[in-house]
Structure formats: C-alpha cells, structure tokens
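Here is a quick tour of the model on your screen. Have the viewer open as you read, and follow along one chain at a time.

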Amino acid sequence: MNIQDLPFADPGTPDARSGPRFLLWLGRQQLGGQFAALGWGLLHFLSIAALSYGTGYAVEAVLDGSGARLALAGCLLFLFGGAIALGDTMLHRRAVTNWITTAARVQQLLARKTALLGSALTRRVAAGEVVAVSTGDVEKIGWFVEALSRFSAAALTVLTVCVALVVWVPSLGWIVALGIPVVALAVLPLLPRATRRADVQREKAGYATELASDTVAGLRVLRGIGGEELFLDRYRGASQEVRGAAVRSARMWSLIAAAQVLLPGLLLIAVVWQGVHLARQGRISVGELVGVYSAVTLLNFPLRHFEEIAMAYSFSRPSAKRAARVLALTRDTDPGGLRPDALPRGDLYDPVSGLLARQGRLTAVVCGDPDAAGRLADRLGGHAARDAGSTPSVLLGSVPLDDLSLETARTLVLVQDKDPVLLSGTLREVLAVPASGTVGTAEALAAAECADVLDALAQQSADGAEPMAAHLTERGRSLSGGQRQRLALARSLFTDPEVLVLDEPTSAVDSHTEARIAEGLRALRSGRTTVVFTSSPLLLDRADEVVLVHAGKVTATGSHRALLHQDSRYRAVVTRGPEDPTGPGDDTRAPGTPPTPRTSTSTSTSTSTSTSTTVTAPGEAAREELEEPA
Amino acid sequence: MIGVARPEYDPDGPLTAHTLPVGEPATVRRYVRGLVHRHRRAFLLLIGTNALAVLASMVGPYLLGSVVQALSEEGASAQLHLGRTTAVFALAVALQAYFVREVRLRGAMLGERMLADLREDFLVRSVALPPGVLERAGTGDLLSRITTDVDRLANAMREAVPQLTIGIVWAGLLIAGLGITAPPLAPVLLIAVPLLVAGCRWYFRRAPSAYRSEAAGYAAVASVLAETVQAGRTVESHRLGPERIALSDRRIREWTAWERYTMWLRTVLFPVINLTHTTVLASVLLVGGAFVLQGWIGVGQLTAAALIAQMLVEPVGLILRWYDELQVAQVSLARLVGVHDIETSGGSSTEEPRGRRMDAADVHFGYRPGVDVLREITLRLEPGTRLALVGPSGAGKSTLGRLLAGIYGPRRGSVALGGAELSQMPAEKVRTHVALVNQEHHVFTGTLRDNLRLAQADAGDEALWEALEAVDAAHWARAAGDGLDTEVGTDGLPLTPAQAQQVALARLVLADPHTLVLDEATSLLDPRAARHLERSLARVLEGRTVVAIAHRLHTAHDADVIAVVEHGRITEYGSHAQLVAAEGAYAALWRSWHG
C-alpha cells in the first residue's frame, strides 16, 4: 500500500471488540508494510553496527602501518555509510507510510461510522469521544502500529550484534551480551511513571486550553460587562499549573535521559577495563577493542526503540480502547429496513400522539413544551431513538416508517430540527443536498426570503459578484441567527421531500420577514405534505389545519382563528398572554385584540403615549423626566 | 522524473480567514528579543550545564585514545594506570549523566516558562481588544490562535528551543574538542560541509511551508469529522452521509498528498545527513590514518578524533530535526504576536457624561468605505424611555443598536450620552453606563459565582443571590446542590438556554448600567421559555433606558416609541398607537400578526 493510493476504496470491517484486538486487526491489515519496514530497519541498524567494525579495522590498519588496508577500510566505511543512508531513508519512508495508512484507515472508519450513526450520535455521550478519537487517538494508534516493525528490527539487530560480538571477540563479546539487555530493560520501570506524569500534564494543558478558549469565546461578554481580571487570574493560575506539571514530568524524563547515559557508560567502562587487560595479554588486538567500544556506543540507537515501543503501547492502549468503543456503536433501529422499499404515499399519522397530517396539506402544530415538540418532530421522521422500550412507528399511508430502510424513510420525510446546522463550504455547497429536483435553489431561497443573505454574502465574497460562491465562515456564524435559520429553511425547501416537518423554522426571524416566509412556504409546498411546529400567529394563520398538542396528545384541531376563539390553552401558548390561571373560558379580552401586557412594570411604562415625549419612568430616571421631547 | 511535485491544493491557503492581523517580522523580532532578555539567566544556565555535559562525554574517547596510544607504543609493558583511568572514566560518566539530567530539566523549565509567558501575554492582550474589533472580527480567529497556535508553539518552546540550544553548544564543543585532541584533523571536517549546506538549503527552502500545509491538511480531516458529528441530525435528515464520507476521503487524499511530498523532502535530506556523517568519519580515519602513517599525529589522537567525529551525529541530527519545528512555530508566533499590533486604547478617558440622555445626531455608518449601512439617523432618548427598533432583516437595526451601545463609532455625526461622545470613551467606562445584551449568553466554565461576579468583582454572596432572585433564577440555583459554588459550563451542570439567559440577566442586575440595548435577546429561545424569561427581563429593565431590537411585535407594542428601520434609515417613528393610525408598514404588519 502506497500513500498515493490513499484513501482506501474500502477501509474494511474492524475488529472492534476491544482495544488490543483493534490494534491487532490494524496490524494485520498491513502485514506487507510491516515486513518491509522490518527489512529496511535491519539493513539500517546492522549497517550502523558494521560501521564500528569499519572503524576498528581502520585503526588496526594504521597500527599495522598498512596503507592498503587503510584504503580498504575507507571503502568499507563508505559502503556501510551508503547502506546506512539507504536503510535509514527507506525505513523512514516505510514507517511513515505505515503510520499514514493506519491513520487514514482509522479516519475513514470513523467517517463511515459517524455518517451511519447520524442523529444517534448527538443523543449519546459519544459525540465528544468521536472527536477525541479523530483528533488525538488516531495519531497514537498509528504510532504504535508503525513502531512495532521498527522495534522488531531494533531487537533483531541488538540480538545479531551481541551474537556477532561473541563470535568475533568472544572474550569481550560476552560482557556486551550480558550488559546490553540490562541497559535495554533498566529504564522500563521508570516509563509508566513518566507516562503518567505526561498524562497529568496533558490533562492540565487541556484544561488550560479549555479555559482560554472559554474566555475568548465569551470575550464579548467580558468586554461588555467586565470581569477581564477575574478570568485572566484564573487562566494564569491554570497556565502556571501546566508549567508545574510539565516540569514534574520533565524531572522524570530527565532521570531517564541520565540513566541512558549512565548505564551504557558503565558498560563501556567494563568493556575498556576488560579489553585493555586482554589487549595487554595480546589476546585481542587494539583495533578489536576500538571496534567493540564503538559498537557499544552505536547500539544506543536501536536500544532507544525498546523504550519507544513501551511508551507507544502505554499511550495507544487507551486510545485504541476508545476507538474500538466508538466503532462498535450501533443504531437503535435497523437502518436496513424490514420490508422491500416501496414508496408509500398518503397521510402521515402518529399513533402515539394522534397527530394526523393530511397528504398535500399544511398542518401547523402548537405544542406548549418545546422539548416535547422536538421529540414529536423526531418521531414523525421514523427511526427515532427509543429511549424506553419500543413504541409504534409513525405511519405514512399505512406503512410504518421504521420498517422502511433509513435511507427511504429520510427520503420520504425530512425533519428539520430546531437547530439545523449549515455545514461549512460555499453557499452552493451548503445547498448541494440530495433533492427531488423539482424546486430550484433560486426558488427555495426566494421562498425563505434569503435576498438579504445573498446580498451580505455577495459583499463578503472576494469578487463581490457571486453569492453562491461565497464561503460561509465558521459554519455561518458570520450571519445572524435569523439569516442562518432562513438558509436552513431554503435548503429544506430545495430538498422538496414528500413530507416536510419543520420545528420552529422562523423563531429567530423578524415579523416582517416571517410574514413573507409564511406566504412563500405555503405557495412552494402546495400539494405536498408539510408539518410546521410553531407558535407564531403569522404562520398559524396560513396553515390549512392547526393542531394543539398537550402532554403528548392532540387535544384540539381546527383553524387558527377558531382555536383562538375556542381554546384558552391554545390562546395562552400562541398569544403569549399569561398562562390562564382561572381555567378555560375565562377570556377577558375579545379575540384578536393585542395581547395583555405581560407584567405590571410594562403597564406602568408603556402607556402608549405620543412620540418620545418623556414617559414617567419609575425610580431614579424620573428625576430627569422634564427633558424636552426630541 | 524522480521526486514528488508540490501538491496543487494547499489546505493552509487563504480560505482560513485571518480576520485579525498577523505580526510583522519586526514586531515578532522585538517580541522574541524581549522574551530572551527576560529569560537570559535561564539561557546562560542551560548553555553552561550543557557545555559541562558535553565535556564530560568527551572524556571517554579521550581516555580510550590515550590507552590505545600507550598500547600501540609500548605493547604489553605499557604503563596504563588502569585503575586511575577507569576511575576518571567512571567519574566522567557520572558527571555526564548528572549534567545531561540537568540539561534536560533546565531546558524543559526554560521552555515551559517561555511558553507560559507567551500564552498568558496573548490572553492579556486579547481581553484588552476593543469591543468593536471583536464584534467585527468575531472570536473564531482568536480562538484558533489560542488553541492551535499555542499548541504548535508548545512543541517549539518545550523541545525545539532547548534542544537547538543544546545541539549547537554540543556540536561546537565537539568540533573544538576535535581541534584540540588532533589539531591537524579539524580542517578535515570541512570536506563534508558543501554536501550538508547544499542539501539543507534545498530542504529548508521547501520544508516549513510544506509542513504547515500538511498540518492544515490533517486538521481538515479531523474537522470534517467533528462537523459530521456536530451536525449529526442535519447529516441524517438531509441524507448527507455518503457525501460526508466522500468529503472525508477527499480531505484524506489532500492531506496524504502533502505527507507524500514532505516524505520526498526527507528522502532527499536523510541521505544527505547520513552521507555527511559517513564522509566526516571516513575522512577523519583516512586522512588521519595517512597522517599517522606519515608520523604527523599519534594513533591515540586518531582514535579519539574518530570517536568524536562519530559523536557528531547526534547534535547535527538534533539541530536539523528541531530547526524545522522552529520554522513552523515562527508562523504561529507571528499570529500570537499579531494581536499586539491592534490599537487597544479606545479614546480618551476624560469624556464624562453629564446625565443619561442619549443623542444620535445625523449618524452615518458603514463597515466598509463607501458603503453606508446607516444614513441620517437622528434620535433622542430620554432617560427611562423604551425604544423598539423594528424592520426587516439586514435593514441596519443591529448596527444601530451597536452604535448606541458605543461599540462602533459613527463615520459621520455623533452618538453622545449626556453630552459625551460614546466612541471617545474606553470600553471600561462605556460599560458602566450602557450594556449590549444579545443572543450570546455565554456561560463560562467555572462556578456560578464566577459567572456572576464578573459583572461586579467585589459583590458578596448576598448581592449575588439578590441578583439571581431578581431574575427568577434563585430557585434552580439553590436546587443545584452547591449553590453559588456549582460548576457550570462545558464540564459542569449544563444550563438550559433559558437558564443561561437568566445568568446573563443577573449579570446585568449586578453591573447595573442605566441604559440597555437588547439585540434579539430572547429570539433564539423557544417561545415558551422566552415568555417566562421576559418576566425576568422586565424586572431587569425597570427604571432603565432601553433600546430593544424587536423581532416580535409584542415587544414593539410594549415600547414607548417604535422606530421602523428600513434600508439604513428610520422610515416611521412614533408610539404603537400612532404608527397603527398612520397606516404604514408597521400597521400592515400589526394587522397580519393579529389577523
């Protein structure tokens, strides 16, 4: 597998039963790459070890006064040097490729999983977890899977060199063969503590970053009301704690670094001590002594990989566990569906609440409890989460939506929730959703009254002309809440599904515009089934039928005007009057009159007097009440 | 053709909008000089301990060299003082281990201190930004600087700066050591220089920007996924799943293209470094060997020189490895230091309002030169008046509200409070008089107390409870368990939007400005929750001058004066009754609202 062949056409089906199994599965997926890395790693490390042989050979040639052998040593050195360069480069390429293919595979698996889970993700705690896996864990998983082959190469090299030394200079070689394992394993006991400290540091750093981003995110509030010093102090405290934790962690790592100097150093001393004795007795040559010395110093390189693999494993194990958990998530309902996909038509009926939306009509739903409204809207789309037990599915025509495949159910019924998200991209990309094709984008944008959004985007875009090519920054955050809401509505209208369910689609839109949207929506959706959850009279007045839902059940049905006359509960929700304390029938106002003032305060100040003449305001302001009118 | 071309698509390209300035090279240099100066003692200490560590590390090769020398000259009868030599060697190893530990620790301490300075400086600077800049630039760019850029710098400060310092000192001392043990061999090192210089120039000319693009590409992969997760509902209901997968695959392709390119860069660099190393070692041995054969230097000198030359691999590798990182970090540093280039002083503090009357006279304002979004606005607000601004989206209502709150200064004309020009006053002063309340009800991570106290730093618990009481929030705050100490925000008790808004309102009670500008403060809330909140709001508004940007007509109905804003001008102005009687745009709307 090479990098240019990425992404995978199919990232495969992971073994997500546990973290280690997942790591194993990932390793198995790239056995070829692992063996290639092992091969190049062996070449690299063995050539490094051979370099010390060359050095020893050169020194010996000089001692023997042989120019010819010195030249030969030079050739050998360049040969080994070339092999090191080749081995190092190719090992690096292979290792990086292994890392990237693993990371890409995990990212692809995550993308597929999240796309499948869709709305189920937002209902679970998993949302934050998925992001954590994709931003931090993937790298650690990739690191371990990749480091495995390098470690194997290093371990084989160390073994080979020890054996070679025992064969080449048996009298010195045995010291090295005994000493190297000690050097390799001695720091391992320190590693868990060091990684723990590194974890603490990372955690604190994460908290400090969170505080900083929280402060910056609320900066407008701070600048508008005050409290900068309070939050700065808090951040300074957190930042200094990060520093403290980092230094604590550095203490451990510096101890490990010291051990990595001390232990090989002691081994070297032993080699020199014994070597000099042997050389004196003439049992080994001076060149052999220099060669062994240089081999021990060079073995430090492969030895680092022992430590690395231990670290990589301790870092990647929790990551792999989390990744496996995310990849093992499933939906509540079978997204494949139980019955062959037919495309039913007809009325939409919810047996639980009794809500009936007639085919081709505009039904408005008034629901006192916003959360209940959201849940009901969700149900209307089918394949909703089943929080407690199973409930009968919503029927379209007479077909339960849960029995259809998720894809079909979503094609038939589009539920636009209360907080639809504009995905980032240009406006054209934002509107590029699967659609029936009957409604054009221009039509949809016009019906949702998006002219001012297009103007704003046109001003923003570089060439100033093409609003469709303008980028929505930060997922449309440069637009106002109302503008975002209207774009989302335009997107739903463009999709033009058989049944469109809208939950408070105009709550952030001003009344001027809302009135026009109500007209546009009605016109564009004529002949299609539409359900709008709203409490705005401007929308309710244009619905074919208005349904009042209370405590999860339909309690009244009729036209807006009729309900306004007949149902005090309806009136209470829609006109935002005080919740009727005296029960139904106690209607002190004629229908259609302005709503009653909401509080005593507003009665005292809003006496509907003439333009900007001074109004008696309670409290201190009254002192200035004799200012002349504007 | 051998090699990999630079990918065409650059994820680090201009699409990542910089809404705030990036530091000029001069500003960055000045900042770095200041930083080094602040920590000069730590730097000197690091260099000192490092030099000692390196010196200790050279004792081994030196001792082996002299042993080899003695053995070769005198054979088995050599006077070796083996005991003493071993003791010196052991001492040297112990000292080296100690100083290596010191270097690691001092390096980390220095790096951490600089990093803490950097991030704290940045936040200090950020919280002093004028509100107008924040309104216009948004907080997204700042946010990415405090997260991504600080992260990238963390690596540079924690590792690159100390390691580079170490590497340079180390390499310098090794070369000096070589020069001392075997002076004739020192020039031999130069043989490898041309190869190294040529290779590094080629590499470093391409690498930094390539690594930035690679990092941006990788971040893009993660951000597609994060977005899919956050927009889970939207993705599912609009059947965008396959598209998200395709997008994710595309981002992976773009990212891996850069990985492949940087891998090619290293495919050139690695052999250069390896061959440099081989060349140095081989030339020292060959040339030195020839010198020994000629009798110009001893075999001990040759051995020591060869071993030192071999030791050069590490510092040279260190320098090359971290130099990269430093170059990448430079860009992040420029972005952090960039906020220093923004003017923070918001006018003179001598302007002192007399009274509470708000006057806007012939105000013109636009965000971009030549395009006015507000024209000829003249208004007078007597203390205690409630003004409602109504009109279609994009007509300029919010902008007018921001001018009245002193966040923007008018291009022409004036907005004055009690005779004092608002735009001439610093934000800290303006907010004691006027507050803007918008849809953003940020709840800070921390205790409920912190969330309230920001409005009045010296407020006691009693005052805080009173404020909560005033906005109808005391009951849930009491029920929350720890009362004012309850942790709220991302990690703590999740507050409903309505509760968040109550907290925002309680802050207003504590801050107690006499004039409030409400920009669709309750519009994003569910109508049902909004109604409940409006009662809290009404209590907060009591006795204050209020400018309400109204979405809903009942807000306008309750106001003393209504201004209809259309196309940047006030087209209708009067009380509800007057405007209904006038039969204009407002009247038409009112009728449709009531049917």
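## The sheet in chain A

Start with one pair: Val499(A) has Thr529(A) as its bridge partner in β10(A). That bridge is part of the pairing between strand β9 (residues 499-503) and strand β10 (residues 529-533) of chain A, which run parallel over 5 bridges. Strands here are DSSP runs of E at least two residues long, helices are runs of H or I of at least four, and both are numbered from the N terminus. Two strands count as paired if DSSP finds at least two bridges between them.

Zoom out and you get an open sheet of 6 strands in chain A, ordered β6-β9-β10-β3-β11-β12, with mixed pairing. β6 (413-416) and β12 (553-558) of chain A sit at the edges with a single partner strand each, so one side of each has no neighbour in the sheet.

## How to read the model

This is a predicted model, where local features need pLDDT of at least 70 and side-chain atom pairs count only at pLDDT 80 or more, while totals for chains, interfaces and linings use all residues. Residues are numbered from 1 along each chain as its sequence is written, and chains are lettered from A and ligands numbered from 1 in the order in which they are written.

## A buried strand in chain B

How many residues of strand β9 (residues 515-519) of chain B are buried? It's 5 of the 5, so the strand is largely enclosed by the rest of the structure. (Buried means 20 or more other C-beta atoms within 10 Å of the residue's own, with C-beta atoms placed from the backbone.) Thr515(B), Val517(B) and Asp519(B) cover one side, with Leu516(B) and Leu518(B) on the other.

β9(B) pairs in the parallel sense with strand β6 (residues 434-437) of chain B over 4 bridges, and Leu436(B) has Val517(B) as its bridge partner there. β9(B) also runs parallel to strand β10 (residues 545-549) of chain B, joined by 5 bridges, with Thr515(B) opposite Thr545(B).

## Where the chains touch

The contact draws on 168 residues from chain A and 158 residues from chain B; contact means C-beta atoms, placed from the backbone, within 7 Å. On the chain A side, helix α9 (residues 228-280) gives the most, with 30 residues.

## Helical spans in chain B

Two stretches to look at are residues 42-62 and residues 160-180 of chain B. Residues 42-62 of chain B are 100% helix and 0% strand, with end C-alpha atoms 30 Å apart. Residues 160-180 of chain B are also 100% helix and 0% strand, and their end C-alpha atoms are 30 Å apart.

Methods. Two residues are in contact if their C-beta atoms, placed from the backbone, lie within 7 Å. A residue is buried if 20 or more other C-beta atoms lie within 10 Å of its own, exposed if 12 or fewer, and partly exposed in between; C-beta atoms are placed from the backbone.
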